[in-house]
Amino acid sequence: MQKLSFHTLDVFTDTPFSGNPLAVFTDAAELPTALMQQIARELNLSETVFVGPAMAGNHFQTRIFTPGGEIPFAGHPTIGTALLLSQLGLLAPDQPDTLVLEQRVGPVPVQIEATELGLVARLRTAKLPEMSASTLSRDEAAVLIGLQSEQLVAQPVIASCGLPFQLLQVRDLAALGQAALDVAHWRRLLGDGPVSNLYCFCLQEDTEAVRARMFDPANNIPEDPATGSAAAALAGYLAVQAATPGTHRLRIEQGIEMGRASLIQTRVEMGAAGVEAVFVEGQARRISEGHFLLD
């Protein structure tokens with residue numbers, strides 16, 4: 001009987017039963033793709049990570065699966081996996097604070113830092129922000145999330161730092177709390193499209209503070225408590241819109257409406273020619289460990 005060990009963590013939080021749950025299999029080099037997908041579907045978390053053996057210089061091959069399929073990049077799996085590998089003592093002793101997670105999007109460097117609040121992991125996205133027009137009109141986007149058109153600030157836009165998202169800016173926290181995905185309209189407008197997830201956000205009075213929600217029914221994620229890849233895309237988009245060289249920071253709260261409060265911090269370095277780097281950071285709390293028993 002094959003025994004597969006895994007750990008679960010709550011990511012983008014330091015509090016148990018908050019943040020975004022994650023499962024990580026730390027010795028998964030020999031698993032076939034179909035089995036990885038079956039396991040991800042069985043666990044039914046937003047993402048499950050499968051880690052291969054360490055290569056030179058703390059490089060780890062990683063694959064990320066949602067219940068609906070494999071994805072090229074995701075923030076909370078990267079942050080959680082990096083912190084878990086550190087806590088389990090699986091990083092090279094001469095490089096205990098730096099590692100690279102090889103993902104389908106490319107190599108994702110991660111820095112681990114001890115702060116007064118605990119260990120924090122900071123990833124640098126493998127890709128710089130890319131933006132494109134959404135196929136959704138403002139009216140269609142409003143209908144999708146059960147709002148009136150005037151509750152949206154602008155036309156939706158697609159942004160990506162390795163994984164694309166439909167960005168929908170809503171007018172205030174009341175509208176954000178009211179948002180509810182209309183699945184029938186979603187199937188009609190986005191269900192077969194290449195970018196079918198919806199990242200709804202609201203800018204608060206503090207210009208660095210954001211509240212967000214994310215809906216991704218195509219990957220069997222009705223709502224996500226914390227979405228680091230979407231946070232990276234949003235941070236890049238807002239920095240490009242600001243068009244001001246320097247450092248741009250965001251403090252993104254997500255999962256509030258789900259009772260799983262999360263905190264994602266981003267930093268964008270903007271030069272005269274455009275975005276030079278995007279960083280996403282957060283904490284993680286180990287919750288459980290266990291085994292899959294397979295014939």
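How far apart do the C-alpha centres of domain 1 and domain 2 lie? They are 24 Å apart.

This is a predicted model, in which local features need pLDDT of at least 70 and side-chain atom pairs count only at pLDDT 80 or more, while totals for chains, interfaces and linings use all residues. Residues are numbered from 1 along each chain as its sequence is written, and side-chain values use heavy atoms, with hydrogens and water left out.

**Stop 1: the two domains.** Select 2-122 + 283-294 for domain 1 and 130-280 for domain 2; such bounds come from an automatic or database domain assignment. The contact (heavy atoms within 4.5 Å) takes 24 residues from domain 1 and 20 residues from domain 2.

**Stop 2: the interface.** About 1600 Å² is buried between domain 1 and domain 2, with carbon and sulfur atoms giving 56% of that area. Buried area is the accessible area (1.4 Å probe) that two parts lose on being put together, summed over both. Now select Phe12, Phe73 and Arg122: these supply 35% of the area that domain 1 buries against domain 2, more than any other three residues.

A salt bridge is a side-chain nitrogen of Lys or Arg within 4 Å of a carboxyl oxygen of Asp or Glu. Show the side chains of Arg260 and Asp10, which meet in a salt bridge at 3.1 Å, N to O.

**Stop 3: Phe12.** Go back to Phe12, in the loop between E1 and E2; helices (H or I, at least four residues) and strands (E, at least two) are DSSP runs, numbered from the N terminus. Phe12 is not a glycine, yet has a positive phi of about 65 degrees. Phe12 counts as buried because its relative accessibility is 2%, where buried means under 20% relative accessible area, exposed over 50%, and partly exposed in between (1.4 Å probe, protein chains only).

**Stop 4: the largest nonpolar core.** A nonpolar core is a set of buried Ala, Val, Leu, Ile, Met, Phe, Trp, Tyr and Cys residues joined through side-chain atoms within 4.5 Å. The largest one has 56 residues, of which Leu99, Leu167, Tyr199, Leu234 and Ile252 touch the most other members. Helix H6 (residues 228-242) gives the most to this core, with 9 residues. Select Ile252 next: leaving aside neighbours within four places in sequence, its contacts include Tyr199, Val210 and Leu234.

**Stop 5: Ala243.** Finish in the loop between H6 and strand E15 (246-254), where Ala243 is found. Ala243 has a positive phi of about 55 degrees although it is not a glycine, and is exposed, with a relative accessible area of 54%.
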